[in-house]
Amino acid sequence: MRKLLIIASIAIFIAFFLYVAINPGDFGKPAGRHLVFGYPKYTDMDDYFITHGQIFSAANNIVTSIVFDFRGYDTLGEATVLFAAVMGIASVLRKLRRDEE
Amino acid sequence: MKMSKIVRTQSGFLYPFILIFGLYIVIHGHLTPGGGFQGGAVIATGFALVVVAYEYKDVRKWITANRLSLAEVTGLLAFIITAYLGLGSTFFRNWLANSGSIFGSRVPPGINPGNLNTGGVLPVMNLAVGLEVLGGLGVIIVYMLNYLKRGEESAG
Amino acid sequence: MLGNLPYITVVIVAGIGIYAMMWKRNLIKVVIGVSLLESAVNLFLVSLGYRAGGVAPIYTNAPSTKMVLPTPQALTLTSIVIGVAVDALLLSFCVVIYRHYGTLDPRKVRRLRG
């Protein structure tokens, strides 16, 4: 019963997403409700970053200027997550008490 | 768990080059592909190479969890302080860009060959995050190895 | 149809990851499934931002100024580091569980408790 349930759920998952991924639709057109590789639909924000990134943050690498300047809060949270993970590992793998060694 | 002489010699030969390569990736983060995370991960990989190739008690003197943890905390504090220093207008403002001082040269718009003295606070934050990531990954490696080593001693 | 090959790859890799997470009875293999799912999500994010014929969004000696979208790449960078942290935490839990119970089977871990 459990194996049948797992197989059915995985099959439904793969079938649904393969339908979305394979669907030929209107291939090659920038707009439309289908997912087309190579033709993203909304690019206004990224075009703004590409054209203004060199003026505002004075860096050639647009990805770095987004990571550290335009979206600095994301990087702050990510650094906090890494710090919390390291603290968790240090508290899990800490040295045991003297009598247990 | 000591590797053979060939592995130890080769790792001792490769280790400085890995460190220099990671430092290059960190410092040139605002000009070429790369940045703080990637460079810090490369340097931590060099630490892992030395720790695996040699016996751990040989490198315990200078790769300690305390030093790596200090590097991690220093990097995180430097990152947050650099972000706070832009608080004259907003949090995370790029207060060094186009200022004319260090890292403050004006960059010509469009395709250019690149100048290391640009970027404002981006190189500072790259260095801080690189320090934090190398400290964090190094602490993970050292703690896991310590735990495994204690298990071997108590079992055998 | 084959123009969407990256998305098909994403679906297959995510399917393998979910299969490993639901089917396997070994905690190391479950962690491998989590890692595969993270990789599928990263590939999906990066391939969402691809623009046909674009180059990497770096102006240093760039061949042209038609560039791919930079925001998904930046957020994928964040996602990769968080994935590394989560993987390390899960693997350290696996090490501690094996040390305490002598097995990595989650059913036996519950039974041996006492």
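Residues are numbered from 1 along each chain as its sequence is written, and chains are lettered from A and ligands numbered from 1 in the order in which they are written. In this predicted model, local features need pLDDT of at least 70 and side-chain atom pairs count only at pLDDT 80 or more, while totals for chains, interfaces and linings use all residues; side-chain values use heavy atoms, with hydrogens and water left out.

Chain A contains 4 helices and 0 strands, where helices (H or I, at least four residues) and strands (E, at least two) are DSSP runs numbered from the N terminus. Along the sequence the pattern of chain A is α-α-α-α. Of the 101 residues in chain A, 37% are buried (buried means under 20% relative accessible area, exposed over 50%, partly exposed in between, with a 1.4 Å probe and protein chains only). The accessible surface of chain A is about 6,000 Å², and carbon and sulfur atoms account for 67% of that surface; accessible areas come from the Shrake-Rupley method with a 1.4 Å probe, and for residues only the protein chains shown count as cover. Contact is defined as heavy atoms within 4.5 Å. Among contacts in chain A between residues at least 6 apart in sequence, 3% join residues at least 24 apart.

The interface of chain C and chain A brings 43 residues of chain C into contact with 43 residues of chain A. The two chains bury about 3,900 Å² between them, with 76% of this area on carbon and sulfur atoms; buried area is the accessible area (1.4 Å probe) that two parts lose on being put together, summed over both. C:Val11, C:Trp23 and C:Tyr59 supply 15% of the area that chain C buries against chain A, more than any other three residues. Across this interface 1 salt bridge is found, a salt bridge being a side-chain nitrogen of Lys or Arg within 4 Å of a carboxyl oxygen of Asp or Glu. C:Arg51 and A:Asp47 form a salt bridge through their side chains, at 3.0 Å from N to O. There are also 9 residue pairs in polar contact between chain C and chain A, both residues at pLDDT 80 or more. A polar contact is a pair of N or O atoms within 3.5 Å; within protein, one must be able to donate a hydrogen and the other to accept it, and residues adjacent in sequence count only if both atoms are side-chain atoms.

On the side of chain C that touches chain A, two or more residues come from each of α1 (5–23), α2 (27–48) and α3 (70–101) of chain C. The most, 16 residues, come from α3(C). This side of chain C has 32 nonpolar, 9 polar and 2 charged residues, where Ala, Val, Leu, Ile, Met, Phe, Trp, Tyr, Cys and Pro count as nonpolar, Asp, Glu, Lys and Arg as charged, and the others, Gly among them, as polar.

Between chain B and chain C, the contact takes 16 residues from each chain. About 1,300 Å² is buried between these chains, 72% of it on carbon and sulfur atoms. The interface of chain B and chain C has 0 salt bridges and 3 residue pairs in polar contact, both residues at pLDDT 80 or more.

Within chain C, C:Asn42 lies in helix α2. C:Asn42 counts as buried because its relative accessibility is 13%.
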